[in-house]
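Please examine the structure shown below alongside its sequence. The paragraphs that follow lead through selected parts of it in turn.

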Amino acid sequence: MDPTDHIKTPKVENVRMLDRYHPSEPAVGTLYLTPTHLIFVDPDKKKETWILYTHIASIEKLPLSTAGSSLRIRCKTFLLVTFVIPRESDCHEMFVSLQKLSQPARLEDLYCFRYTSSSEDIPKQAGWSFFDLQAEYQRMKVPNDEWSLTLLNQDYELCDTYPKYLYVPSSASTNILVGSSKFRSKGRLPVLCYLHSNKASISRCSQPLSGFSARCLEDEKMLNCILKTNPNFSSMYVADTRPMINAMANRATGKGYENENFYENIKFQFFGVENIHIMRSSLGKLIETCEQQTTTSTMNNFLSGLESSGWLRHVKAIFDAAFFIAQAVSTGVSVVVHCSDGWDRTAQVCSLSSLLLDPYYRTIQGYQALIEKDWLAFGHKFSDRYGHIAGDPKEVSPVFTQFIEATWHLAEQYPRAFQFNENFLLTLHDHLSSCQFGTFIGNCEKDRIDLRLNERTFSLWGFMANHMSEYMNPLYAPEQHSDLLKPNLAPQNFKFWRGMYCRFESGVHPRENVSEYITATNDHSNSLEDHVRFLHRKISLIKSKLSECGGKVKSSLLKDSSPSIENKFFYNKVSVLSNLNSFDDPLGAIEFRKTESESPESQNLEEKITQITSDLESVALDWKTLRSVQECSCSAPFDHFTKKNHCWKCGNVFCTRCIDKHTALPGHLSQNTVPVCRPCYKLINQSPPAESPQ
């Protein structure tokens with residue numbers, strides 16, 4: 001269905017937008033409904049607020065007041081905004097339209113199927129080929145003698161929420177695999193997730209259908225086969241991420257956990273990671289705490305609200321389980337991990353354990369591969385958990401948000417261990433629910449293949465590759481953390497992530513954090529270093545050419561001179577030195593005029609001088625400081641919605657819309673593409689291409 005069919009009132013004027021941090025200074029402007037965004041334009045403050053419909057979590061129509069009718073909108077990006085609309089009829093129509101636009105009925109109605117990437121110079125297929133599941137296992141040296149690829153799930157008949165390619169113990173027969181699948185919830189049998197260089201492994205599955213006394217010989221053999229893949233240890237762990245009381249309660253429904261009497265040489269360990277409903281409730285309480293009125297809220301209110309939400313306690317529980325598994329694997333003990341259905345808590349713990357163990361997953365490419373493998377391929381229900389379409393609200397839960405936050409906590413303790421920065425994590429989180437790209441659409445690999453997302457939509461990885469410079473951590477030093485990360489899990493080390501949950505706050509805190517200043521300084525230093533290398537190469541070339549020219553002049557003088565050189569020769573140098581015009585002059589640094597009129601040779605020299613001057617001026621030596629710039633050249637003010645970006649050519653600061661071009665600067669030796677503003681982009685591309693010094 002066309003989104004415009006839901007829009008009855010596309011424009012309302014004299015709307016007030018309330019900012020809870022400055023309630024006495026509302027912005028007044030016009031509210032627009034477009035096919036994809038809700039847009040508020042404040043002409044006086046030159047400010048635009050864009051809200052994607054798919055980012056809207058809830059819409060609340062407040063009681064009528066003397067000022068008008070109010071709509072309160074909460075977003076999945078933790079933005080809270082209130083619009084006061086003069087006429088109640090306009091407010092009601094806006095309310096109805098937004099409810100329909102923010103909750104499409106079908107996946108095919110999502111934004112990604114209409115998104116055209118008009119402002120991004122990337123093809124639609126970019127990013128879809130960045131990850132290959134078989135290549136990732138080959139990186140872990142699988143298949144090998146102990147582990148092999150099975151094609152039993154090639155048509156998703158064994159388990160429709162697993163990937164088509166599964167890696168299982170080589171000793172496991174088809175009967176064992178099929179029997180184990182039938183004994184596991186949703187058919188999610190134990191399969192390889194991560195293999196360490198010491199042959200210890202992390203395998204994942206769902207809970208067994210054991211009830212109070214049921215057993216399955218094939219499933220018992222399956223776990224024994226996994227145990228035998230690691231010849232270094234005669235035992236292994238089964239890590240049940242649920243609280244034990246929850247696992248026991250599931251036995252009444254015919255599910256539950258493994259009976260220790262039936263599984264030999266296996267140690268069982270329970271952890272206290274709660275279910276999706278408790279996590280959803282916890283996040284709701286955290287958001288309520290963050291939305292307290294700044295004029296009446298106290299420190300005690302905030303801290304007690306943070307404590308009662310239990311949010312940080314839940315994040316710590318995930319860490320406790322992941323660190324236990326990572327330590328076991330690093331010492332050579334294999335672990336099988338499961339929760340209930342194996343697509344929420346299991347994904348959190350397996351991926352976080354891998355992040356602790358493997359430095360590759362701490363790079364941008366590796367982190368994306370980790371998400372593709374442990375979350376997308378193994379069937380985390382992204383469309384259900386983030387409410388992409390209208391459905392059961394009880395299925396919504398911030399499972400992946402907790403994984404992103406756990407990554408942030410690790411980066412806070414190990415700031416030099418990760419190639420990416422906080423902006424990378426925030427961008428990743430926001431596009432979980434934006435539905436602008438097809439990467440996170442659907443609940444499993446089979447859903448994405450059926451929807452042909454790689455043909456019909458853009459990939460988030462392609463978009464992020466086009467903005468890689470924005471996500472780089474300037475402090476990254478992988479050689480300092482090449483093995484297992486051992487985070488301090490003491491309660492006082494878990495912090496409230498203000499950059500995620502209060503990022504739209506426009507109070508007394510500075511708009512640019514330390515990381516942004518370091519990144520800008522690092523970019524400026526890299527630009528200058530590249531320019532210095534360019535100048536060194538040019539100077540070396542000049543010296544070699546001048547030496548060559550000097551040698552030719554000297555040989556010419558010796559050849560033409562007689563044994564007794566007359567003094568008058570030195571007063572008539574022009575006739576000899578004019579021969580230099582036939583020599584190579586790399587920079588046009590030496591100019592000789594034969595006559596008062598311009599000769600073609602001298603014009604060529606002037607063109608070379610002009611080109612060199614242009615090359616030298618193509619790199620900004622001074623960059624404007626971020627703090628000193630209040631608005632972009634397009635008059636857009638810089639606030640919490642607008643990121644500041646430097647143009648590497650002119651050094652000025654621009655908003656994201658005005659610096660959407662990348663090109664190589666003539667004054668850089670590397671000729672790598674860098675961000676530039678639109679005027680500089682036109683200027684560089686109108687000029688003749690620079691000759692990089694050889």
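**From a proline to the sheet and its loops**

Proline 208 is situated in the loop between strand 11 and helix 4. The coordinates belong to a predicted model, and every value below should be read accordingly. With a relative accessibility of 0%, proline 208 counts as buried, because that value is under 20%. In sequence, 25 residues separate proline 208 from phenylalanine 183, yet their C-alpha atoms are 5.8 Å apart in space. Leaving out residues up to four places away in sequence, proline 208 touches Phe183, Arg184, Lys255, Gly256, Tyr257, Glu258 and His338.

Strand 11 (residues 201–205) and strand 14 (residues 335–338) pair in the parallel sense, over 4 bridges. Both belong to an open sheet of 5 strands, ordered 10-11-14-12-13, in which the pairing is mixed. At its edges are strand 10 (191–195) and strand 13 (266–270), each of which pairs on one side only. On average, and ignoring direction, neighbouring strands of this sheet are turned by 25 degrees against each other.

Two helices may be considered together with this sheet. Helix 4 (residues 217–228) packs on the sheet and touches strand 11, strand 12 (236–240), strand 13 and strand 14. The direction of helix 4 makes about 125 degrees with that of strand 12. Helix 8 (residues 311–330) lies across strand 11, strand 12, strand 13 and strand 14, and runs at about 160 degrees to strand 14.

The next region is an annotated one. In an unreviewed entry, UniProt places the feature "binding site" at Asn275, Ile276, Cys339, Ser340, Asp341, Gly342, Trp343, Asp344 and Arg345. These positions are spread over 71 residues of sequence but cluster in space, with a largest C-alpha distance of 12.3 Å.

Two of the annotated residues can be followed in detail. Cysteine 339 is in the loop between strand 14 and helix 9 (345–357), and serine 340 is found in the loop between strand 14 and helix 9 as well. Cysteine 339 has a relative accessible area of 2% and is therefore buried. Serine 340, at 16% relative accessibility, also counts as buried, because the limit is 20%. Apart from neighbours within four places in sequence, cysteine 339 is in contact with Cys205, Ser206, Gln207, Asp240, Thr241, Arg242, Asp344, Arg345 and Thr346. With residues up to four places away again not counted, serine 340 touches Ser185, Ser206, Gln207, Arg242, Asn250 and Arg345.

Some backbone details remain. Most residues other than glycine have a negative phi, and most peptide bonds are trans. A cis peptide bond, with omega about 10 degrees, joins valine 142 and proline 143. Proline 143 is found in the loop between helix 2 (133–139) and strand 8 (147–150).

Positive phi values occur at asparagine 265, where phi is near 60 degrees, and at arginine 452, where phi is near 55 degrees. Asparagine 265 lies in the loop between helix 5 (244–250) and strand 13, and its relative accessible area of 47% makes it partly exposed. Arginine 452 lies in the loop between helix 14 (445–451) and helix 15 (453–456). Arginine 452 is partly exposed too, with a relative accessible area of 40%.

How values were computed: Residues are numbered from 1 along each chain as its sequence is written. This is a predicted model: local features need pLDDT of at least 70, side-chain atom pairs count only at pLDDT 80 or more; totals for chains, interfaces and linings use all residues. Side-chain values use heavy atoms; hydrogens and water are left out. Two strands pair if DSSP finds at least two bridges between them. Axes are lines fitted to C-alpha atoms, for helices over the stretch in contact, and angles run from 0 to 180 degrees between N-to-C directions. Contact means heavy atoms within 4.5 Å. UniProt positions are given in the numbering used here, feature names are shortened, and annotations may be inferred rather than shown by experiment. Buried means under 20% relative accessible area, exposed over 50%, partly exposed in between (1.4 Å probe, protein chains only).
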